[in-house]
Amino acid sequence: MKEEKNSRRSFLTKTIIGISGSVIATGLPLSALASNTDIDIIDSKHVFLTKPYLQAPTSDSITIMWLTNQLCLNWVEYGETEKLGTKAQQSAHGMMNTNSKINTITLRNLKPNTKYYYKVFSKQILDFQPYKITFGDIINSDTYRFQTLDPKAKEVSWLVLNDIHDRPESFGELLQLNQNKPYDFIFLNGDMFDYQTDENQIINHLLNPCSIFSTEKPFMFVRGNHETRGKYSRNLLDYYYNYNKKEYYTFLMGPVFTIVLDTGEDKKDSHPVYGGTVNYDSYREEQAAWLEKQMKSKAFKNAPFRVVMMHIPHYHSDEEHGTTECRRLFGTLFEKYKIDLFIAGHTHEYGMFEPNKDHSYHFVIGGGPETGIRTLIQIQANPKVLNLQMLNDSGKEIGSFRLNTKR
């Protein structure tokens with residue numbers, strides 16, 4: 001089924017979002033505090049710019065990220081009780097990270113299916129001389145908790161958001177439609193922004209809005225075509241941590257093997273708006289070769305359900321270059337190796353499509369950014385059945401699929 005709504009292109013032609021250089025309590029714009037600056041901010045207040053947020057969960061590890069307004073020595077304390085007791089730091093080549101305000105620490109060798117408590121700490125660096133480091137205050141977060149994945153889990157559930165387009169209030173408004181039903185993670189299926197301008201935008205329009213859940217439930221992310229635009233688009237990748245630190249990846253949770261693909265831009269690489277600075281055709285070719293290897297794996301073949309999530313849908317969309325290239329490179333493999341469910345965004349027209357002559361699998365497209373066409377997608381799966389529901393932003397169910405395993 002499909003309901004016609006305001007088109008993606010009409011939205012883009014009539015909506016321009018301006019990102020202000022808003023000022024934090026230090027009196028400096030956040031863009032001046034980005035991780036690649038050399039500005040000395042000794043007399044500014046030492047603060048967190050975000051709460052900690054969870055990334056890339058596995059049965060024995062999880063990654064915790066957070067941002068500070070100054071360079072710091074950072075660590076995480078964690079444990080199976082609120083007493084914590086174990087310390088972890090970000091280290092490479094024998095050195096702790098003191099050179100970035102984007103802090104990333106992976107906790108390893110955890111117990112599967114176990115609840116952990118954690119707290120993050122940042123110690124201010126006032127002066128860094130060759131033979132003397134002067135430290136300032138230590139700040140710490142509240143205590144939060146997470147649970148490692150159960151490798152023997154029989155069930156998995158997750159939520160999907162797409163095409164938020166710089167409307168940070170949509171995160172809370174859409175997630176409240178879930179009504180406290182359990183879920184394992186939230187998947188952000190591209191176009192969280194119109195384009196990327198600076199760090200301030202990423203904090204205020206993504207990381208802080210997601211903090212209503214991301215301190216205790218991870219989000220996973222894939223770029224949409226709008227995440228490839230703007231002067232700060234190449235910095236965006238520093239602010240989240242996918243599996244294998246790639247923009248395309250797979251993961252197995254419970255009975256579902258999930259493939260995530262990065263569809264890149266919808267225009268040709270030669271389009272004048274890019275000024276010769278992109279190469280998405282080769283990037284999609286690279287992913288297609290990788291994709292076939294994943295689909296030949298035992299994990300994919302043995303999974304009760306096989307799901308693909310990516311931003312640009314290769315059917316029920318336009319005929320732009322990105323769409324047709326995804327159809328040519330990825331669509332043929334989806335048919336050859338028999339996926340069960342495909343989830344996309346991009347069109348700003350929500351739709352749910354049964355298998356047909358073009359695709360042998362169920363096909364779902366989430367809605368757009370404006371009130372009335374926003375959607376929340378809910379998925380729950382066990383070894384026999386996968387259920388998907390799509391809600392509009394009034395909470396009404398606008399479609400559902402029930403898939404029975406074929407394996």
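Mentor: Start at glutamine 378, whose bridge partner in E21 is glutamine 389. Keep in mind throughout that this is a predicted model. Strand E21 covers residues 385-392. The two strands run antiparallel and are joined by 7 bridges. A hairpin of 3 residues leads from E20 into E21.

Now turn to the other partner of E20. Strand E11, residues 156-161, pairs with E20 in the antiparallel sense over 5 bridges. Here valine 160 stands opposite isoleucine 377 of E20. So E20 pairs with E11 and with E21, because strands count as paired when at least two bridges join them.

Step back for the setting. The protein has 6 helices and 22 strands. It holds 407 residues, of which 57% count as buried. Among contacts with a separation of 6 or more, 71% join residues 24 or more positions apart.

E2, residues 62-67, pairs with E7 in the antiparallel sense over 6 bridges. Isoleucine 62 has leucine 107 as its bridge partner in E7.

Next, the sheet with mixed pairing. It is open and has 6 strands, in the order E14-E15-E16-E17-E19-E18. Its edges are E14 and E18 (351-353), each of which pairs on one side only. Neighbouring strands of this sheet are turned by 15 degrees against each other on average, direction ignored. Glycine 351 stands opposite isoleucine 365 of E19.

Histidine 362 also sits in E19. Its relative accessibility is 15%, so it counts as buried, the cut-off being under 20%. Its contacts beyond four places in sequence are Asp340, Leu341, Phe342, Phe353, Glu354, Pro355, Phe401 and Leu403. Isoleucine 339 is 23 residues away from histidine 362 in sequence, and their C-alpha atoms are 8.9 Å apart.

Now the helix on this sheet. H4 lies across E14 and E15, at about 175 degrees to E15. H4 (residues 280-295) also comes within 10 Å of H6 (residues 321-337), axis to axis, with a crossing of roughly 10 degrees. That is under 35 degrees, so H4 and H6 are roughly parallel to each other. From H4, the contact includes Ala288, Leu291 and Met295; from H6, it includes Leu329, Phe330, Leu333 and Phe334. The residues of this contact divide into 9 nonpolar, 3 polar and 7 charged.

The structure holds 22 aromatic pairs. In one of them, the ring centres of tyrosine 248 and tyrosine 283 are 5.9 Å apart and the planes stand at 65 degrees, so the pair is edge-to-face. Tyrosine 248 is in the loop between E13 (219-222) and E14 (249-253), and tyrosine 283 is in H4, so the pair ties together parts 35 residues apart in sequence. Both are buried: tyrosine 248 has a relative accessible area of 6%, and tyrosine 283 has 16%.

Another pair joins phenylalanine 257 to phenylalanine 300. Their ring centres are 5.6 Å apart with planes at 90 degrees, so this pair is edge-to-face. Phenylalanine 257 is in E15 (residues 256-260) and phenylalanine 300 in H5 (residues 298-302), 43 residues apart. Both of these phenylalanines are buried. Elsewhere, ring pairs link Tyr78, Tyr116, Tyr118, Tyr144 and Phe146 into a cluster.

Finish back at the starting point.

Notes
Residues are numbered from 1 along each chain as its sequence is written. This is a predicted model: local features need pLDDT of at least 70, side-chain atom pairs count only at pLDDT 80 or more; totals for chains, interfaces and linings use all residues. Side-chain values use heavy atoms; hydrogens and water are left out. Axes are lines fitted to C-alpha atoms, for helices over the stretch in contact, and angles run from 0 to 180 degrees between N-to-C directions. Helices (H or I, at least four residues) and strands (E, at least two) are DSSP runs, numbered from the N terminus. Angles under 35 degrees count as roughly parallel, over 145 as roughly antiparallel, 65 to 115 as roughly perpendicular and the rest as oblique. Contact means heavy atoms within 4.5 Å. Ala, Val, Leu, Ile, Met, Phe, Trp, Tyr, Cys and Pro count as nonpolar, Asp, Glu, Lys and Arg as charged, and the others, Gly among them, as polar. Rings of Phe, Tyr and Trp (its six-membered ring) pair if their centres lie within 6.5 Å; planes under 30 degrees apart count as stacked, over 60 as edge-to-face and the rest as tilted. Buried means under 20% relative accessible area, exposed over 50%, partly exposed in between (1.4 Å probe, protein chains only).
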